[in-house]
Amino acid sequence: MKTEQVLIINHAVRSHATDIAKLIMMAMTDECCLHFCGEGYGLDDFLKMMTLLVEREDSQYSYKNTLVAMDDEKVVGIAVSYDGGKLHELRQTFIQAAKEYIGKDHSRMDDETKAGELYLDSLAVLPEYRRQGIAQRLLKATKEKANAIGLPYVGLLVDKGNSAGEALYASAGFRYVNDSQWGGHPMKHLVL
């Protein structure tokens, strides 16, 4: 395993789609992914859908919205973020794909973000690469992305039961805004 100094943070490309989809699902947890699935559908169906959504350019999960941490040719971490003001436009692709690939209608899903923030949808690092500062570097690059497109904040939701995630975000400077609900879980909305 290489040290974090040789890792590169870069914009994702379409060929990273499967690796990105797996890391998004890791960030969401299997329980949450299954919560989104209709009866008779499982994690393999969810992965197929997420991979297709990452491959697209008009999805909130698009490779175009993703920063990747690379160890040579291997994707070892991701930060998926998008303009919160474009949530409804970007979510349409997810709603259509969910009906087709995981048998569930999510057209009445609550909003997890709003205009005025770059929403950090997913942050994940492969287990064997954790504790090397990669997540911090991805968070810093996400804040730089927000600044570059003129958004004053990076916002995210963290599961209320995820104390390690909360500690990571606090160490990066995120602050609590309010409580929220997403994916069947009580969440905290944080901003940087």
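**Figure 1. Overview of the predicted protein chain.** Of the 192 residues of the protein chain, 48% count as buried; buried means under 20% relative accessible area, exposed over 50%, and partly exposed in between (1.4 Å probe, protein chains only). This is a predicted model, in which local features need pLDDT of at least 70 and side-chain atom pairs count only at pLDDT 80 or more, while totals for chains, interfaces and linings use all residues. Residues are numbered from 1 along each chain as its sequence is written, and side-chain values use heavy atoms, with hydrogens and water left out. The protein chain has 6 helices and 7 strands. Helices (H or I, at least four residues) and strands (E, at least two) are DSSP runs, numbered from the N terminus. Read from the N terminus, the order of elements is β-α-α-α-β-β-α-β-α-β-α-β-β. The radius of gyration is 16 Å, close to the 16 Å that the globule rule gives for 192 residues, so the chain is as compact as a globular protein of that length. That radius is taken over C-alpha atoms, and the rule is 2.2 Å times the number of residues to the power 0.38. The C-alpha trace spans about 45 × 35 × 30 Å along its principal axes. The chain exposes about 9600 Å², and carbon and sulfur atoms supply 48% of it. Accessible areas come from the Shrake-Rupley method with a 1.4 Å probe; for residues, only the protein chains shown count as cover.

Figure 2. Two strands pair if DSSP finds at least two bridges between them.

Figure 3. Contact means heavy atoms within 4.5 Å.

**Figure 4. Strand β3 and its partners.** 8 of the 10 residues of β3 are buried, so the strand is largely enclosed by the rest of the structure. β2 and β3 run antiparallel, joined by 6 bridges. They form a hairpin with 2 residues between them. Asp72 in the turn has a positive phi of about 60 degrees. On the other pairing, β3 and β4 are antiparallel over 7 bridges. Asp83 has Leu118 in β4 as its bridge partner.

**Figure 5. Close-up of Val75.** Val75 sits in strand β3 and is the bridge partner of Met70. At 4% relative accessibility, Val75 counts as buried. Leaving aside neighbours within four places in sequence, its contacts are His16, Asp19, Leu23, Val68, Ala69, Met70 and Leu126.

**Figure 6. The largest nonpolar core.** This core has 61 residues. A nonpolar core is a set of buried Ala, Val, Leu, Ile, Met, Phe, Trp, Tyr and Cys residues joined through side-chain atoms within 4.5 Å. The residues with the most contacts inside it are Ile20, Ile24, Phe36, Phe46, Met49, Met50 and Ile78. Helix α1 (residues 17-28) gives the largest share, 7 residues. Not counting residues up to four places away in sequence, Ile20 touches Ala12, Val54, Tyr63, Thr66, Val68, Ile78 and Val80.

Figure 7. Arg91 lies in helix α4 (residues 87-101). It counts as buried, at 4% relative accessibility. Beyond its neighbours within four places in sequence, Arg91 is in contact with Gln60, Met109, Asp110, Asp111 and Glu112. Arg131, in the loop between β4 and α5, is exposed, with a relative accessible area of 85%. Its phi is near 65 degrees, a positive value in a residue other than glycine. Thr29 belongs to the loop between α1 and α2 (30-36). Its phi is also positive, near 80 degrees. Thr29 is partly exposed, with a relative accessible area of 37%.
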